[in-house]
Amino acid sequence: MWLTRPFNERSTRRFLGVLLGALVLVTVLHVAVPQGHPLHINAYTVNLFGKYLSYALLAVAVDLVWGYLGILSLGHGAFFALGGYAMGMYLMRQIGDRGVYGHPELPDFMVFLDWQSLPWYWAGFDMAWFAFPMVLLAPGALALVFGFLAFRSRVTGVYLSIITQALTFALMLAFFRNEMGFGGNNGLTDFREILGFNLRSDATRLGLFIASGVALALGYVLCRAIVGSKLGRVCVATRDAEARTRFLGYRVERVQLFVFVVSAMLAGLAGALYVPQVGIINPSEFSPLFSIEIVLWVALGGRATLYGAVIGAILVNYAKTVFTGVMPDAWLFALGGLFVLVTVLLPRGVAGLLAYRVQGRRRQHDEGTTGKEVSA
């Protein structure tokens with residue numbers, strides 16, 4: 001029953017309605033409108049929108065732990081990258097003997113590095129029923145181990161943020177090494193197909209876009225169900241007064257661990273949807289700068305709203321696409337300036353501005369209704 005509660009919320013219904021409308025609109029403009037028409041959306045744009053939706057799911061995962069639990073994670077890029085690598089390993093195994101070196105089992109980079117056999121941790125990734133669950137289990141297992149050690153030791157605040165950043169930095173350095181068996185600096189690329197469908201076809205790109213939208217909707221509903229339940233209220237109490245929550249008898253570390261693992265698994269799912277749409281996964285996704293950028297998305301959109309995280313992720317990444325095409329060297333300055341302006345002028349983000357306008361309209365409506373009653 002707790003999973004159905006979000007559908008009783010007006011904000012959830014609005015969000016799902018807007019998301020569904022966007023998916024239908026893009027699909028219709030891509031499929032039904034002929035090429036050359038001003039309203040036609042080409043495959044490249046569809047692919048770009050799919051990447052934005054996967055980023056939006058990642059932002060929702062970060063907002064769950066930061067906005068409602070008070071954990072500022074600067075390492076969620078690690079969970080995103082692990083999910084991406086799990087998907088990338090599956091896609092690499094699907095190439096088979098169609099690679100440059102024609103080896104039926106070893107990926108091209110392993111043949112180039114003179115590997116004699118496939119590493120044991122690559123076993124099973126040629127099968128979707130094994131690889132797809134690993135998209136969730138790999139980041140979830142890392143979050144479980146890391147969270148158990150951190151929350152049990154009651155590491156909080158800026159210290160926890162620094163540790164999460166150190167985690168993703170350490171993983172980045174490890175995955176850069178060729179000995180790890182993940183492609184080193186170049187990562188995994190040259191993907192051909194997924195579930196038998198050609199990744200270079202327009203139909204597959206559209207399917208991945210729709211899959212990203214469905215995953216975002218499901219992830220959003222799951223997070224709304226969590227924050228709207230008793231568990232969510234305990235999360236907010238932990239965020240605002242952890243010592244008092246412990247005094248009331250709640251096992252705060254268990255709550256933190258559960259929500260942290262769920263968030264990591266959502267981030268891994270976002271990474272898995274991201275990889276087949278961009279065609280590559282490399283250690284740069286582990287970069288601490290990327291994890292910090294995710295936090296900026298959430299701050300811009302509006303912390304502790306979930307839908308604000310979606311807005312922030314889409315706005316920032318759209319701006320990034322535009323700026324890097326026009327002024328690539330100025331993008332980081334623009335991002336920093338945008339964050340400063342939002343912090344000063346919109347401390348609650350874009351979602352806070354939207355909520356303020358809605359409240360203003362309701363206040364005007366109530367005042368107008370009261371005035372009519374008095375006149376009558």
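How do the residues of the lining of the second largest pocket divide into nonpolar, polar and charged? The lining divides into ten nonpolar, five polar and four charged residues. Here Ala, Val, Leu, Ile, Met, Phe, Trp, Tyr, Cys and Pro count as nonpolar, Asp, Glu, Lys and Arg as charged, and the others, Gly among them, as polar.

The model is predicted: local features need pLDDT of at least 70, side-chain atom pairs count only at pLDDT 80 or more, and totals for chains, interfaces and linings use all residues. Residues are numbered from 1 along each chain as its sequence is written, and side-chain values use heavy atoms, with hydrogens and water left out.

The second largest pocket holds about 430 Å³ of space. A pocket is an open set of points on a 1 Å grid over the protein atoms alone, with protein on both sides within 12 Å along at least five of seven lines; lining residues have an atom within 4 Å of a point. A volume is the space filled by probe spheres set on the points, which are joined across faces, edges and corners. The lining counts 19 residues, and Leu289, Phe290, Glu293, Lys320 and Leu332 lie nearest the pocket centre. Helices α2 (43-67), α11, α12 and α13 each supply at least two lining residues. Helix α11 gives the most, with six. Helices are DSSP runs (H or I, at least four residues), numbered from the N terminus.

Phe290 also forms a tilted aromatic pair with Tyr55, at 6.1 Å centre to centre and 50° between the planes. Tyr55 lies in α2 and Phe290 in α11, so the pair ties together parts that are 235 residues apart in sequence. Rings of Phe, Tyr and Trp (its six-membered ring) pair if their centres lie within 6.5 Å; planes under 30 degrees apart are stacked, over 60 edge-to-face, and the rest tilted.

Helix α11 (residues 288-301) packs on α12 (residues 307-326) at about 120°, with the axes 7 Å apart. Axes are lines fitted to C-alpha atoms over the stretch in contact, and angles run from 0 to 180 degrees between N-to-C directions.

One cavity of 30 Å³ or more is present. A cavity is a set of points where a 1.4 Å probe fits but cannot get out. The largest cavity holds about 50 Å³. Leu296, Leu300, Val316, Leu335, Leu338 and Phe339 form its lining. Helix α13 supplies the largest share, three residues.
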